[in-house]
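Here are my notes on the side-chain contacts, in numbered points. Have the viewer open as you go through them.

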Amino acid sequence: ILAVATQVARAGEAGEDLLLSPRPTSLTAELRALVRRVASSAAASDGRRPAGRLLLPSASAALAAALRRHRPSALTRGERRLLSRALSLTSTALLRRSGAGAGAPFEGRPGALLRLLGGPWPVVELMAVGAAREPVVVHPLRLLAYYRLDQDALADVPRPRPLQMRLLQEDGVSLAITATGLPFCGGPLWLRWVTRLWRGAFRGPLRTLEGGAEAGSCSLWAAAMLGDLADLRVIGVEPMPAAAGALRQSAKANGWPRGTVEVVEAALVNRSVRVAGRGNPTVTLSVAPGRSAEASAIHCVAGDRACSIVHVPALTLDELTLAPHPAKAADGRGSGRFEVIHCLKLNVMGFELDVLQGGADKLLLPPEPDHRGGSTSPRPLVCSVILDELKLDRGPEDVRRLGAIIRLLQSRGFLVEAFVRDHGEAARRAPHRLLLERIQVGELGQVASRALHLLPVAARGSKGFVVAAWRNVGVAGGACRATEPPFRPAFAPGDFGQVLPWAAATAALPV
């Protein structure tokens, strides 16, 4: 409801026919352009970050200007229905917040809408403030339907209940969630892992740790999918205060047991940043307007001059305090020697290598041999690492970081898989909106050469890497059962194809 045009995108039968009409009137053409601009449906729904800033205040001004150019008496019947439906959706949330009831005072009255928007008051902006305080209701299975992963589960598996999400104002990801009704979570490994746990009715203790949790799209979705099955504990680490606050509010709004969702407001860093900060270390993030989920310690996603700078608390993975999982003793796995994190998921805008380096001395150590020097207290054990959103847009530096990530995880006893991923039109046409190319053992140098020499620089932004790391089956007395077959995610044959250009004479590069 951040602008009337956003609601037009969700108006269903009242607006869809007009917006998709092959011969729109001048008014509906302007509304359609606003929908594309405000809702950003194509960019939002493919699981990637929106390509550009979503200009919320100017969208409402443009909508008002468009309406002023058309007399209400000249509107067609379909246009009147469109505007009435949009206003009905917009006013309902505002009236509910004000306690005035849930009526639609502008139903069937586009002239009243024109006068309202044409007045001196920032009406749409005020509606946005009221609507932003209302949670967005998300139905978890719709995300699976979008990615065509919604095969039947076991007969006795409970269907997940609707999820309430608190979102941010003036934020592209939050606007995408509002416009599409889908959580902004498109990581292929994460989706398939959670889906296999749900479909297979996994029961027992389960703990995940997400670095770069933003407002909680992926972690909250997992909690909704598995909350009636597993004894789930979700840790979300998020540096931006508004996003961390929205995640806390969402956890409270859904009424889950205390401790189901824990929020750590900090940026994950490596040890060098931690030491440089001494007692109260901070890290500097570049934040583009309307794109807080893309805050990065590496670079500004919108160009250096377009970003503001924020300083946030910093800590390493090794410094995280893990409370004992209350269901661990009842499960009896791992002999009580470990505090298990079944999945470490990172999406930290190019800082993944640094974050992993910050956990290399403790959190990521293999379960054997015992490195604790005789200590009897449980130590952390990470069963899997999922990196679904590694980038390629910086060329050689991103390829170098990929190689370093793979070597670090292998040195800590993980079995590592790596893929090149397409984020463009070819992926959207694929059976599961996913197109991958596996990086075989010993072929990383060849892949690096193809990416850097054959792929045009302008096309790098539509490519990326996916890395998965797993513990051996049966490790630590079965403590990692949730990440072992049949729950370990796998890709279908239709998910694979050629992602990078190929030339037989291309020489491998050292990585």
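**Side-chain contacts, point by point**

1. Let's start with arginine 271, which is partly exposed at 40% relative accessibility. Keep in mind that this is a predicted model. Arginine 271 meets aspartate 318 in a salt bridge, at 3.7 Å from N to O. Aspartate 318 has a relative accessible area of 9%, so it counts as buried.

2. Arginine 271 also has a salt bridge to aspartate 361, with 3.6 Å between the closest N and O atoms. Here the partners are 90 residues apart, and aspartate 361 lies in the loop between helix H16 (352-357) and strand E12 (379-382).

3. The whole structure has 18 salt bridges.

4. The bridge links strand E3 (residues 205-211), which holds arginine 207, to strand E10 (residues 338-341), which holds glutamate 339, across 132 residues of sequence.

5. Now the rings. There are six aromatic pairs in the structure. One of them is phenylalanine 419 with phenylalanine 491, edge-to-face, with centres 5.2 Å apart and planes at 85°. Phenylalanine 419 sits in strand E14 (residues 415-422) and phenylalanine 491 in the segment after strand E16 (463-470), 72 residues apart. Phenylalanine 419 is buried at 1% relative accessibility, and phenylalanine 491 is buried too, at 15%.

6. Phenylalanine 419 has a further partner in phenylalanine 496: this pair is tilted, 6.2 Å centre to centre with 45° between the planes. Phenylalanine 496 lies in the segment after E16 and phenylalanine 419 in strand E14, so the pair ties together parts 77 residues apart in sequence. At 30% relative accessibility, phenylalanine 496 is partly exposed. Put together, Phe419, Phe491 and Phe496 make one aromatic cluster.

7. Two arginines over rings are worth a look as well. Arginine 471 has its charged end over the ring of phenylalanine 414, 3.6 Å from the centre. Arginine 433 lies over the face of tyrosine 146, with 3.9 Å to the ring centre.

How values were computed. Residues numbered from 1 in each chain as written. Predicted model: local features only at pLDDT ≥ 70, side-chain atom pairs only at ≥ 80, totals over all residues. Heavy atoms only, no water. Phe/Tyr/Trp six-rings, centres within 6.5 Å; stacked < 30°, edge-to-face > 60°. Helix = DSSP H or I, 4+ residues; strand = E, 2+ residues; numbered from the N terminus. Buried < 20%, exposed > 50% of the residue type's maximum accessible area, 1.4 Å probe, protein only. Lys NZ or Arg CZ within 6 Å of the ring centre and 35° of its normal. Salt bridge = Lys/Arg side-chain N within 4 Å of Asp/Glu carboxyl O.
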